[in-house]
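Here is a short tour of one structure, written to be read with the model open beside you. Let's start with charged pairs and then move on to helix and strand packing.

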Amino acid sequence: MFSTLLADFQIIFERDPAARNWLEVLFFYPGLQAIILHRIAHKLYKINIPFIPRLISFIARFITGIEIHPGAAIGKGFFVDHGMGVVIGETAIVGNYVLLYQGVTLGGTGKESGKRHPTLGDNVVVGAGAKVLGNIEIGNNVRIGAGSVVLRNVPSNCTVVGVPGRVIYRSGVRVDPLEHGSLPDSEAEVIRALVDRIESLEQQVEQLQHKQTPAPVYHISIAAEEATLAPIQEEIPATQGAACQLKNKAIQEFLDGAGI
């Protein structure tokens with residue numbers, strides 16, 4: 001337990017440039033105070049001691065504004081920056097070196113029993129005000145943008161943004177966990193892709209209009225006319241099907257990430 005608390009203490013100096021000396025961190029960082037009290041409460045909770053773990057959790061919430069249920073399992077190097085309004089549910093599992101900002105909720109979605117809170121992997125960063133809800137799994141090295149609402153599993157090495165949370169794949173790219181200003185805007189990318197598609201179609205229509213010439217008028221029999229239109233009618237469904245396919249990668253990833 002001592003080595004875990006030491007990792008919780010050291011990670012603050014790595015991730016918060018405002019941390020200047022150990023005395024300030026020890027007395028004025030609610031995230032550190034909350035995790036120290038939680039680890040004590042969690043130990044007592046695991047050996048089935050009644051009342052006392054919840055009392056410690058209540059005192060920690062009163063002092064720090066951070067509510068962590070004694071049953072939540074939290075790995076080493078856990079850091080809550082500022083922390084006011086953070087809520088972590090009873091069956092939540094949090095990996096090593098996870099960073100949470102203020103207003104984050106790791107909560108449930110109803111009154112179901114059993115495992116009802118999320119599981120976070122290692123090196124996960126959850127932005128301010130984000131909500132991760134339900135018995136879902138968040139992989140390693142995942143970044144969740146501020147204000148996002150995550151309701152589905154997220155693979156490792158991804159970034160999630162939006163409401164509901166949409167997955168933007170960034171596998172193989174090493175990203176500074178504190179660079180929240182570099183999160184992609186998936187909605188803007190999709191809108192840009194749609195605008196480009198519309199402009200391309202408009203250009204094609206304009207070109208066809210310029211090439212179009214008046215068709216000559218012929219007097220043909222009804223039987224000949226039906227024979228001429230038959231192959232054209234057979235081709236219409238195939239053409240319509242091809243036109244409905246979304247071939248743009250940005251649009252497809254946007255829809256896939258939202259579960260649409």
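## Salt bridges and packing

Glutamate 90 and arginine 116 form a salt bridge, with their closest N and O atoms 2.8 Å apart; the term stands for a side-chain nitrogen of Lys or Arg within 4 Å of a carboxyl oxygen of Asp or Glu. This pair connects distant parts of the chain, 26 residues apart: glutamate 90 lies in the loop between strand E4 (87-88) and strand E5 (93-94), and arginine 116 in the loop between strand E7 (105-107) and strand E8 (119-120). Helices (H or I, at least four residues) and strands (E, at least two) are DSSP runs, numbered from the N terminus. Glutamate 90 has 25% relative accessibility and therefore counts as partly exposed; buried is under 20% relative accessible area, exposed over 50%, and partly exposed in between (1.4 Å probe, protein chains only).

Please keep in mind that this is a predicted model, where local features need pLDDT of at least 70, side-chain atom pairs count only at pLDDT 80 or more, and totals for chains, interfaces and linings use all residues. Residues are numbered from 1 along each chain as its sequence is written, and side-chain values use heavy atoms, leaving out hydrogens and water.

Searching the whole structure gives three salt bridges, tabulated here.

| Glutamate 90 | Arginine 116 | 2.8 Å |

Aspartate 8 and arginine 39 are both buried. Their pair also links distant parts of the chain, with aspartate 8 in helix H1 (residues 2-15) and arginine 39 in helix H3, 31 residues apart.

Helix H3 (residues 30-46) packs against helix H4 (residues 52-64) at an angle of about 175°, their axes being 8 Å apart. H3 and H4 are therefore roughly antiparallel, a label for angles over 145 degrees.

Turning to the strands, E12 (residues 143-144) and E14 run parallel and are joined by two bridges. Arginine 143 has threonine 159 as its bridge partner in E14. Strand E14 (residues 158-161) is covered on both faces: Cys158 and Val160 are buried on one side, Thr159 and Val161 on the other.

How values were computed
Axes fitted to C-alpha atoms, helices over the stretch in contact; angles between N-to-C directions. Parallel < 35°, antiparallel > 145°, perpendicular 65-115°, else oblique. Pairing = 2+ DSSP bridges.
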